[in-house]
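Here is a short briefing on one protein chain. Take a look at the sequence and the model before reading on.

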Amino acid sequence: MLRMKMLCAALGGLLAIAPQARAAVTEAEAAALKTTLTPLGGERAGNKDGSIPAWTGGQTKPVAGNKLGDIPTQFLASDKPLLQISAKNAAQYADKLSEGTRLLLAKYPDSFRVDVYPTQRTAAAPQHVYDNAFKNATRCSLKDEKRSLEGCFGGTPFPIPKDGAEVIWNYLMRVEAESIEYRFKNIVGNADGSHTLATRNDIAFQYPFYYKDGAPERWSGEYAMFRFNTLEPPFKAGESLVIRDTIDPANPRQAWQYLVGQRRVRRAPTVAYDTPDFVASGANYFDEVQGFFGAMDRYDWKIVGKKEMYVPYNTNGLIGAKLDEAIAKHHLNPDHVRWELHRVWEVEATVASGKRHAVPKRRFYFDEDSWLLVLMDGYDAEGKLWRTTQVTPFVVPSVPATLIKTATVFNLQAGTMSVIQALNGEDFRVVPRKSENFFTGDAVAAEAVR
């Protein structure tokens, strides 16, 4: 009996010091997702002055006309700007602009501006996603020092977040179709205002977290996988990259690269974090793709709060423009970028103890309705703003969802920019899901041999 008591005491001590999974919210808290909150966790009500309307289900009927695959490019085309913000009047709206946006207005006073349109809360998702988000609220929890999660599947993991890490997981697990294919270009904007094509690529993405026939107990933990093939320029044509991302904190990303000159597939462990992105000629870091792309373990994450901000939103018209019309010399063309007033979650990331990253501090802004990252500011070791990212969400009614692919990263100190995954003039389609064997290095090698 004494030995048993000693053993129980020892086990109790171990449990006390072991990392514990953070508990999910209570059933009473989760009930708000069917009353005062949207199914994904945004506030249903509008703001006090009505400039942000109430959420009434999301999406509006697209204007009939041009499409880029499954993306209606004339979405909300009849709307007109409510106001224009330039360097001359930026101070008047400073409280609703990110620091990066304010600096761009000051840096390019003759060309950069923010055209603010009526706020349209178009974010929506399939009913099964709403159902899963509601279940996730009480069953999903963080574990492994917040670097992983458990009990989640098929919807926003933490629709009522209490921790900065939960917000980032909401973004990494944002609403997606099961499978998509598209073609994109990466464009480098040089300090002199000229532009260079880095690469043009075909890509296939698949999101096992959103398989309609899945469940938490059957999910492998892999939440995203992609494979792309480079088409241009000629000296890079035929190169391939495969990535599989997982919640496994010990091995969050597996990557394989095929190089034509070597005629072999090799593991690519450096395709992550602050490694320069060779797909974009090194003009951005790999974890700046699609705003933030990959593991979160090098930062500590803190919720600063929620605020109203002018952010890029419903930018289908930008995607529908010709590439040379969508991009101006030093930034996206303001004539084609739609900004709206939305409530956003502000999250601050600082490099964790014992870790390193080229960008030691970042501020992220996430749309409350979709959990999409819309703006990000990055600071150097001296605390000076160094980089800023604009992510441009667009509506895809066939999912239905508001999605993101294109992100524009500005190096404010060098005066350069990187337009990552520009869809202009290309194609974007929701497709039946593939065998997961398609997203392997072996599959790339087999096709290379043929």
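Among contacts between residues at least 6 apart in sequence, 64% join residues at least 24 apart. Contact here means heavy atoms within 4.5 Å. This is a predicted model: local features need pLDDT of at least 70, side-chain atom pairs count only at pLDDT 80 or more, and totals for chains, interfaces and linings use all residues. Residues are numbered from 1 along each chain as its sequence is written, and side-chain values use heavy atoms, with hydrogens and water left out.

**Overall build**

- The chain has eight helices and 22 strands. Both are DSSP runs, numbered from the N terminus: helices are H or I with at least four residues, strands are E with at least two.
- The radius of gyration is 22 Å, which agrees with the value near 22 Å for a compact globule of 450 residues. It is taken over C-alpha atoms, and the globule rule is 2.2 Å times the number of residues to the power 0.38.
- Along its principal axes, the C-alpha trace spans about 80 × 60 × 50 Å.
- Of the 450 residues, 56% count as buried. Buried means under 20% relative accessible area, exposed over 50%, and partly exposed in between (1.4 Å probe, protein chains only).

- E426 sits in the loop between strand 21 (416–422) and strand 22 (428–430).
- E426 counts as buried because its relative accessibility is 12%.
- Leaving out residues up to four places away in sequence, E426 touches L68, R183, F184, K185 and R200.
- The side chains of E426 and K185 make a polar contact at 2.5 Å. Such a contact is a pair of N or O atoms within 3.5 Å; within protein, one must be able to donate a hydrogen and the other to accept it, and residues adjacent in sequence count only if both atoms are side-chain atoms.

**Backbone points to find**

- Most residues other than glycine have a negative phi, and most peptide bonds are trans.
- The peptide bond from E232 to P233 is cis, with omega near -5 degrees. P233 lies in the loop between strand 9 (222–232) and strand 10 (240–246).
- The bond from V399 to P400 is also cis, with omega near -10 degrees. P400 is in the loop between strand 18 (394–396) and strand 19 (401–403).
- L76 has a positive phi, near 60 degrees. L76 is buried, at 13% relative accessible area.
- Y273 has a positive phi, near 55 degrees. At 17% relative accessibility, Y273 counts as buried.
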